[in-house]
Amino acid sequence: MEITKDHIIPYLEGSLPVEQVAAFEHLAESSPEFRKEIKEIQFIWNATENLKKQRLVNTDAHWNKLARQMRFLSFRQKLWDISRNAAAILILPLFLVTIYFMNDSIPKEESPINQVELQTAYGLVSKVILPDGSEVWLNSGTKITYPERFTGKHRTVKLEGEAYFKVTSDKTNRFDVVVPNGMTVSAYGTEFNVSAYNDDNKIEAILAKGNIDVKKYDTENVFSLKAGEQAVLNKTTRNITISEANIYTKTAWRDGKMVFRRAGFDEIVRKLSRHFNVSIELQGKTLHEYEYSATFTTETLPEVLRLLEKSAPIRCQILDSEINADYTYAKRRVIIREYR
């Protein structure tokens, strides 16, 4: 069937039929124009969803709760002034009255807090506003999980993939980004990038502004970063190293760019695979020795591969994706081989 922009909203809402989802994502991967339409509509849709959530807040209920607590505090003060001068025989009744009002003012058990889970399709960058007003940009194929509202002293989100965080400042409630079985990045108000794809052999936290603390999930050792520094956790050795980082190169993906500066072929292949949702196979031992410096913006996959061919003795072949038995599309395959 033909996929049009009329299918974008149902896809974002999760109401698009399974057989149409496969065709939709296939078109999004292959058509830069369609991806642009998705981004424009997704921006408006995200803003609308956040507005809906804000309207769900019951301001009257919260005000009534606060008013009850204020009445109790006022009553307790008056009660204390009276009891200091009252006869000993009145102490017990007054105490019982105090207990009654105290119990009545204690908030009842809060309703369970639902978890929100968002995932960005491959080839797209999306933005979400968290309950505290913090802004988060999600890179291709990224999943973030957070509560409908933050409670307690910690604002905690879970991340799989890559995201750029612009955290709303709150000196009393810490903001934690948790990478399961990896590391936790903590801040009170700053901007930083976390890259934690499951198929990478490392997890990176890069600080753009302010300060952050980084620690492994299985230890209490904390590393404090300054602006322009990065913490890299090696998944094999479980060691964290601190070094300077190129902020632009690491965060240009927010603007739809892929920036490489003397990047190895393995790194390039991983990013191209995620961005275009393809499976890339390398044939040749020397391919891993090549390094590239390039910036890609709106180029399609064939255009990127042609540029790579011009700068190294390689040949690239794109194999069309096949339809599976369940009407989903298999990933397109790309074969890159040495050419002598």
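Biologist: Where does T251 lie?
Modeller: T251 lies in helix 6, residues 247–251. Helices (H or I, at least four residues) and strands (E, at least two) are DSSP runs numbered from the N terminus. This is a predicted model, with pLDDT of at least 70 needed for local features and 80 or more for side-chain atom pairs, while totals for chains, interfaces and linings use all residues. Numbering starts from 1 along each chain as its sequence is written, and side-chain values use heavy atoms, without hydrogens or water.

Biologist: Is T251 buried or exposed?
Modeller: T251 counts as buried because its relative accessibility is 11%; buried means under 20%, exposed over 50%, partly exposed in between (1.4 Å probe, protein chains only).

Biologist: And what does T251 touch?
Modeller: Y164 and N193, leaving out residues up to four places away in sequence. Contact means heavy atoms within 4.5 Å.

Biologist: Different topic. Which residues have the most contacts inside the largest nonpolar core?
Modeller: F165, V177, V185, F192, I212 and V214, in a core of 30 residues. Such a core is a set of buried Ala, Val, Leu, Ile, Met, Phe, Trp, Tyr and Cys residues joined through side-chain atoms within 4.5 Å. Strand 5 (residues 154–166) gives the largest share, 4 residues.

Biologist: What is V177 in contact with?
Modeller: Beyond its neighbours within four places in sequence, V177 contacts V157, L159, F165, M183, T184, V185, F192 and V194. There is also a second, separate core of 23 residues, which includes V278, Y292, L305 and I314.

Biologist: Now the open sheet. What is the strand order?
Modeller: The order is 15-18-17, with mixed pairing; two strands pair if DSSP finds at least two bridges between them. Strand 15 (278–283) and strand 17 (314–319) are at the edges with a single partner strand each, so one side of each has no neighbour in the sheet.

Biologist: How many bridges join strand 15 to strand 18?
Modeller: 6, and the two strands run parallel. V278 stands opposite R332 in strand 18.

Biologist: Which strands does helix 7 touch?
Modeller: Helix 7 (residues 265–276) packs on the sheet and touches strand 15, strand 17 and strand 18, with its direction at about 155° to that of strand 15. Helix 8 (residues 301–311) also packs on the sheet, touching strand 15, strand 17 and strand 18, at about 165° to strand 17. Angles run from 0 to 180 degrees between N-to-C directions, with axes fitted to C-alpha atoms, for helices over the stretch in contact.

Biologist: Last one: where is E322?
Modeller: In the loop between strand 17 and strand 18. E322 is exposed, at 59% relative accessible area.
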